[in-house]
Amino acid sequence: MLSNLSATSPILDFYFKYSWVLIILVLVDVILKGMALWQAGRNNQKSWFVALFLLNTVGVLPIIYLLFFKKTPTQ
């Protein structure tokens, strides 16, 4: 099956040419997810923590949480 994919395959060419985009997206997703999980844990928002931990939404859910649902610290 892999013998059909040669080094000149358009799919492999595309992957190798734009693999840096995938790496950047993964890094941004991990950073956003970490920040959102940290905030949800600190604010004792268990349902948000579970949702953020289990759902992989390529950074969309962490951004929504961080922008709209994060509790602001009271001083």
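**A. Gln-39 touches Tyr-65, Leu-66 and Lys-70, leaving aside residues up to four places away in sequence.** Here, as in the other views, contact means heavy atoms within 4.5 Å. You are looking at a predicted model, in which local features need pLDDT of at least 70, side-chain atom pairs count only at pLDDT 80 or more, and totals for chains, interfaces and linings use all residues. Residues are numbered from 1 along each chain as its sequence is written, and side-chain values use heavy atoms, with hydrogens and water left out. Gln-39 lies in helix α2; helices (H or I, at least four residues) and strands (E, at least two) are DSSP runs, numbered from the N terminus. With a relative accessible area of 19%, Gln-39 is buried. For accessibility, buried means under 20% relative accessible area, exposed over 50%, and partly exposed in between (1.4 Å probe, protein chains only).

The chain has four helices and zero strands, and its elements run α-α-α-α from the N terminus on. Of the 75 residues in the chain, 21% are buried. Among contacts between residues at least 6 apart in sequence, 43% join residues at least 24 apart.

**C. Eight residues make up the largest nonpolar core.** A nonpolar core is a set of buried Ala, Val, Leu, Ile, Met, Phe, Trp, Tyr and Cys residues joined through side-chain atoms within 4.5 Å. To trace this one, look for Leu-32, Ala-36, Leu-37, Ala-40, Leu-52, Leu-61, Tyr-65 and Leu-66. At least two residues of this core come from each of α2 (19-42) and α4 (60-69). Its largest share, four residues, is supplied by α2.

**D. Tyr-65 and the residues it touches.** Not counting residues up to four places away in sequence, Tyr-65 is in contact with Ala-36, Gln-39, Ala-40, Asn-43, Gln-45, Trp-48, Leu-52 and Lys-70. Tyr-65 also forms one aromatic cluster with Trp-48 and Phe-69.

**E. Gln-45 makes a side-chain polar contact with the side chain of Tyr-65 (2.3 Å).** A polar contact is a pair of N or O atoms within 3.5 Å; within protein, one must be able to donate a hydrogen and the other to accept it, and residues adjacent in sequence count only if both atoms are side-chain atoms. You will find Gln-45 in the loop between α2 and α3 (46-54). Gln-45 has a relative accessible area of 11%, so it counts as buried. Apart from neighbours within four places in sequence, Gln-45 contacts Ala-40, Tyr-65, Phe-69 and Lys-71.

Asn-44 has a positive phi, near 55°, in a residue other than glycine. Most residues other than glycine have a negative phi. Asn-44 sits in the loop between α2 and α3. Its relative accessible area is 55%, so Asn-44 is exposed.

G. Two packed helices are described by the angle between their axes and the distance between the axes. The axes are lines fitted to C-alpha atoms, for helices over the stretch in contact, and angles run from 0 to 180 degrees between N-to-C directions. Angles under 35 degrees count as roughly parallel, over 145 as roughly antiparallel, 65 to 115 as roughly perpendicular and the rest as oblique. The axes of α1 (residues 10-17) and α2 come within 4 Å and cross at roughly 50°. This makes α1 oblique to α2. Tyr-15, Phe-16 and Lys-17 of α1 make the contact with Ser-19, Trp-20 and Leu-22 of α2. For α3 and α4, the axes come within 10 Å and cross at roughly 155°. These two helices, α3 and α4, are therefore roughly antiparallel to each other. Here Trp-48, Ala-51 and Leu-52 in α3 meet Leu-61, Pro-62, Tyr-65 and Phe-69 in α4.

Aromatic pairs: a search of the whole structure finds five. The ring centres of Phe-14 and Tyr-18 are 5.0 Å apart and their planes are at 50°, so this pair is tilted. Rings of Phe, Tyr and Trp (its six-membered ring) pair if their centres lie within 6.5 Å; planes under 30 degrees apart count as stacked, over 60 as edge-to-face and the rest as tilted. Phe-14 counts as exposed at 56% relative accessibility, while Tyr-18, at 36%, counts as partly exposed. Tyr-15 and Phe-16 have ring centres 5.4 Å apart and planes at 65°, so this pair is edge-to-face. Tyr-15 is partly exposed at 44% relative accessibility, and Phe-16 is exposed at 57%.
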